[in-house]
Amino acid sequence: MKDELDARKKRVLQAIVDDYIESAEPVGSRTLARKYDLGVSPATIRNEMADLEMLGYLEQLHTSSGRIPSSKGYRFYVDGLIPPKPVSDEEKELINRWYRARVKRIDEVFQETARIISQVTKNVSLVLAPQMTQAAFRCLQFLPLDDRRVITVLMTDAGFIENKILEMPNGSSFEDFQRMAGVINKNLAGHTLSTIDHPALAKIRDEIQDEPLYESALEVINRALDSGKRERLYLGGTTQMLEQPEFHDVEKVKETLLVLEKEELMKDVLHAHMGDGLEVTIGQENEDSHFKDSSIITATYHLDGELLGTIAVLGPTRMEYAKAMSLLEYMNSNLTEVIKRFHW
C-alpha cells in the first residue's frame, strides 16, 4: 500500500530505481549519498534501504552487493514516482519524417511503427495490426513476367497488396489474363474483402467461361481473403535487445528469441492487455512464465471508436519506463492519424 512509505523512503526508492535503470548495477548507500541530494547520511540511507527491502520494494542479489528494485518496487515507481519524460519536438519531427519517407502502404505503417518504437526505446517492439476484411477491393492487375508466367497484384483502398507469380494455363495468353482482370474489377468494385462471397465469384466465373483461367485468379483472391481475416504481428528490435546487459547471456537470448518466434503466443499476450489507455505489466505480474523477468507496456489504438490493435514494448524490468510510456502514448495517437491517410 502506498501509505506504508513516508516521503523519505519514496525519495530513496525513486533514486534507486532511477540509478539502476541507468547503470544496470546494484545500488549501494554510498552511491545514493554521492549522486543524489537526499539530505541524509549514508547510514540513514542504509536503514531506509533495509526497510524497503523488508517491505518487499527492494531485493539484494548478494549479501555484499547493493539493492535492486523488485516487481513491487517498480510498480510503486511506475504508479506514483516516475518522472515525466515527454517526447521531444525533435523526436516528434523525426518520427513524422520517418512515416512520410517510408510509408506508402498500410502494412508499411505497422512495420515502420515497430521499427521506430524499437529504435527509440532500445527494446523489443510489437505491433498487432487489425484484420483487413473491412478494406475495400480496388483492383486486380496482371503483369507479364515471361512467356508462361504473370505477376498478380491485388490492391485494396487501404493499400494492402497481395501478389503472387502464376503459371499461365496451357492455351492461355497474357491478353486472356488482362481480359479476366477487367471482368473481376467490374464485378468486385465496391466490395469490401468481407463481402466477396460465392455469388459474386460465381458471376465472375460465368463471365470468364474459362475454368483454368478462373482458378488461377481465384487462388489469388482466396489468398487475399485469408490474409485479410488474420491479424498480423509486426516485431522489431530483436537486435536492439542484444544491447541490454540482461541479454548478454547467450542462452537467455536464445530462449527469448524462441518465444518471440511463437506468433500465436505473442498475439495472446497482446490480446490479454488489449484495453483502454496505457497499461504496464511488470515482472512477476505477467501471467506467462516466459516474461517473469520482463516488463510489457501496451497501448491500444482506435479509429472512429473502433478498436484496431495494440502496440507494445517488451524489455527487461530495468527498462526506461518514462521514455517508453511517453513514446507509446505519442505513437498511439500518431498511428491513428497515419492510418486515416489510407481511408481505412
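**Exercise 1.** How many residues does helix α7 have, and what distance does α7 reach from its first C-alpha to its last?

*Solution.* The structure is a predicted model, in which local features need pLDDT of at least 70, side-chain atom pairs count only at pLDDT 80 or more, and totals for chains, interfaces and linings use all residues. Residues are numbered from 1 along each chain as its sequence is written, and side-chain values use heavy atoms, with hydrogens and water left out.

Step 1. Helices are DSSP runs (H or I, at least four residues), numbered from the N terminus; α7 covers residues 174–188, which is 15 residues.

Step 2. From first to last C-alpha α7 reaches 21 Å, close to the 21 Å expected at 1.5 Å a residue. The expected span is 1.5 Å times one less than the number of residues.

Step 3. Just after α7, Gly190 adopts a positive phi of about 90 degrees.

**Exercise 2.** Determine which residues of α7 are buried and how they are arranged around the axis.

*Solution.* Step 1. Buried means under 20% relative accessible area, exposed over 50%, and partly exposed in between (1.4 Å probe, protein chains only). The buried residues of α7 are Phe174, Asp176, Phe177, Met180, Ala181, Val183, Ile184, Asn187 and Leu188.

Step 2. These residues cover an arc of only 165 degrees around the axis, and therefore lie on the same side of α7. The arc is that of the directions from the helix axis to the C-beta atoms.

Step 3. An α-helix has 3.6 residues a turn, so residues three or four places apart point the same way.

Step 4. Glu175 and Lys186 are exposed on the face of α7 turned away from its buried side.

**Exercise 3.** Describe how α1 packs with α4.

*Solution.* Step 1. Helix α1 (residues 7–23) and helix α4 (residues 71–81) pack at about 105 degrees, with their axes 10 Å apart. Axes are lines fitted to C-alpha atoms, for helices over the stretch in contact, and angles run from 0 to 180 degrees between N-to-C directions.

Step 2. The two helices α1 and α4 are therefore roughly perpendicular, a class that spans 65 to 115 degrees.

Step 3. Contact (heavy atoms within 4.5 Å) involves Lys10, Leu13, Gln14, Val17, Asp18, Tyr20 and Ile21 of α1, and Gly73, Tyr74, Phe76, Tyr77 and Leu81 of α4.

**Exercise 4.** State the angle between α1 and α3.

*Solution.* Step 1. Helix α3 (residues 42–54) packs with α1 at about 85 degrees, the axes being 10 Å apart.

Step 2. Consequently, α1 is roughly perpendicular to α3.

Methods:
Parallel < 35°, antiparallel > 145°, perpendicular 65-115°, else oblique.
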